[in-house]
Amino acid sequence: MSDVRVRGAAAARIRVVRPGELDAGEIERWRELRALSGAPANPFMEPEFSQAVGRVRPGARVAVIGGDSGGPVGFFPYERGPLGQGRAIGFGVSDSQGPVLSPEHTLTAGELLSACSLSSWEFDNLEAGGDLFVPDAAEAFDSPVIDIGQGYEAYEAVLRAGSPKFFRTTTAKERRLARQAGEVRFVFDERDPAALRTLMAWKSAQYRRTGRRDRFAKEWISTLVRQLAADRPDRAPGCSGVLSVLYAADRPVAAHFGLRSRTVLSCWFPAYDTGFAKYSPGLILHLRMAEAAAGAGIGLLDLGRGAAEYKDALKTGELRVYEGASVRRGPRAALYRLSREPSRRAHSFVRNRPKLAGYAQRALSQVGRLRDR
């Protein structure tokens with residue numbers, strides 16, 4: 001733990017702690033600042049997520065930013081590498097990132113990074129609305145969302161009006177699934193550990209099949225998911241795991257594990273049994289999730305950054321997120337740009353050209369097929 005006074009920052013005092021060292025008053029203040037921000041209550045931005053990451057990532061830290069009145073005016077969760085390079089906390093799996101700040105703060109990005117002994121801070125899902133790191137973003141992306149704030153019936157009406165063929169086809173497939181595979185049953189908050197293991201196995205197979213890196217092969221990610229799955233909303237109201245499962249004749253055919261706050265469900269890990277692909281069980285699952293979430297008082301489903309046909313079919317709008325890095329001046333800044341920028345620019349070049357992106361996806365799928373031989 002360190003206690004640093006930042007020069008020229010209106011007497012701001014920054015105390016760097018492990019996430020588990022935050023006291024009850026600081027956690028409550030974090031929640032107050034999130035509520036005052038007016039941003040959606042994304043569970044990735046709540047203190048419980050940082051604390052969960054802190055249990056599995058030794059480099060996880062939180063900078064507690066003090067103000068003139070003595071109480072915290074902000075919190076900055078991050079992970080620090082051995083050479084001072086920083087990343088958003090949970091980088092690689094966190095779908096919303098950034099500091100939690102009061103309008104009273106007077107810090108600059110450079111002052112904050114200096115106080116945290118960071119030469120850089122990398123992000124790939126920076127929340128819109130903050131003025132500290134957005135100017136350092138290299139790219140902006142839309143993160144599709146489903147607005148169910150007016151209830152599921154209102155959302156269904158939007159689908160029927162805007163995508164009538166999609167809605168008719170999906171509901172017809174659900175009826176056909178029931179006729180051909182057995183009674184269809186949906187559980188919004190499944191607590192059977194076997195169902196979570198099934199989902200993780202499906203998702204790992206999907207990663208391999210599409211030639212992508214298997215996230216669950218990383219022990220810290222699989223451990224983080226299992227720990228978050230054990231949390232309940234009454235114990236962790238800002239961020240708890242929700243495992244939703246679609247069954248046919250008591251056999252799981254699709255599942256999703258996400259994180260919820262009181263008002264937002266962040267969609268995280270969806271997958272399905274490929275033997276039932278002709279029924280589009282993933283789409284059926286998402287419609288059932290939207291209905292159950294609305295009934296539980298949730299007003300927004302965040303589908304997460306990334307292009308996908310199913311997201312285009314389901315969404316009612318988008319949120320803006322950013323990718324990039326804030327880099328302090330000095331020799332390590334040049335080292336960062338040499339090590340990270342060529343790769344990021346190459347990915348961006350391909351991603352922004354649909355034909356090239358299609359070639360890349362087919363190449364990844366071929367790698368996946370060869371890997372499974």
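Q: What does "buried" mean for a residue?
A: A residue is buried when its relative accessible area is under 20%, exposed when that area is over 50%, and partly exposed in between, using a 1.4 Å probe and protein chains only. The model is predicted: local features need pLDDT of at least 70, side-chain atom pairs count only at pLDDT 80 or more, and totals for chains, interfaces and linings use all residues. Residues are numbered from 1 along each chain as its sequence is written, and side-chain values use heavy atoms, with hydrogens and water left out.

Q: Is R260 buried or exposed?
A: R260 is buried, because its relative accessible area is 12%. Across the protein chain, buried residues make up 51% of the 373 residues.

Q: Where does R260 lie, and which residues is R260 in contact with?
A: Strands (E, at least two residues) and helices (H or I, at least four) are DSSP runs numbered from the N terminus. R260 is placed in strand β11. Contact means heavy atoms within 4.5 Å. Leaving aside neighbours within four places in sequence, R260 is in contact with residues including P43, P233, V242, L265 and I298. The C-alpha atoms of R260 and V242 are separated by 6.8 Å, although these residues are 18 residues apart along the chain.

Q: How is a pocket found, and what volume does the second largest pocket have?
A: Rolling a probe the size of a water molecule over the atoms shows where empty space is left. On a 1 Å grid over the protein atoms alone, a pocket is an open set of points where a 1.4 Å probe fits, with protein on both sides within 12 Å along at least five of seven lines; lining residues have an atom within 4 Å of a point. Grid points are joined across faces, edges and corners, and a volume is the space filled by probe spheres set on the points. The second largest pocket has a volume of about 400 Å³.

Q: Which residues lie nearest the centre of the second largest pocket?
A: Of its 23 lining residues, S37, P99, L101, G129 and G130 lie nearest the centre. Helix α1 provides the largest share of the lining, four residues.
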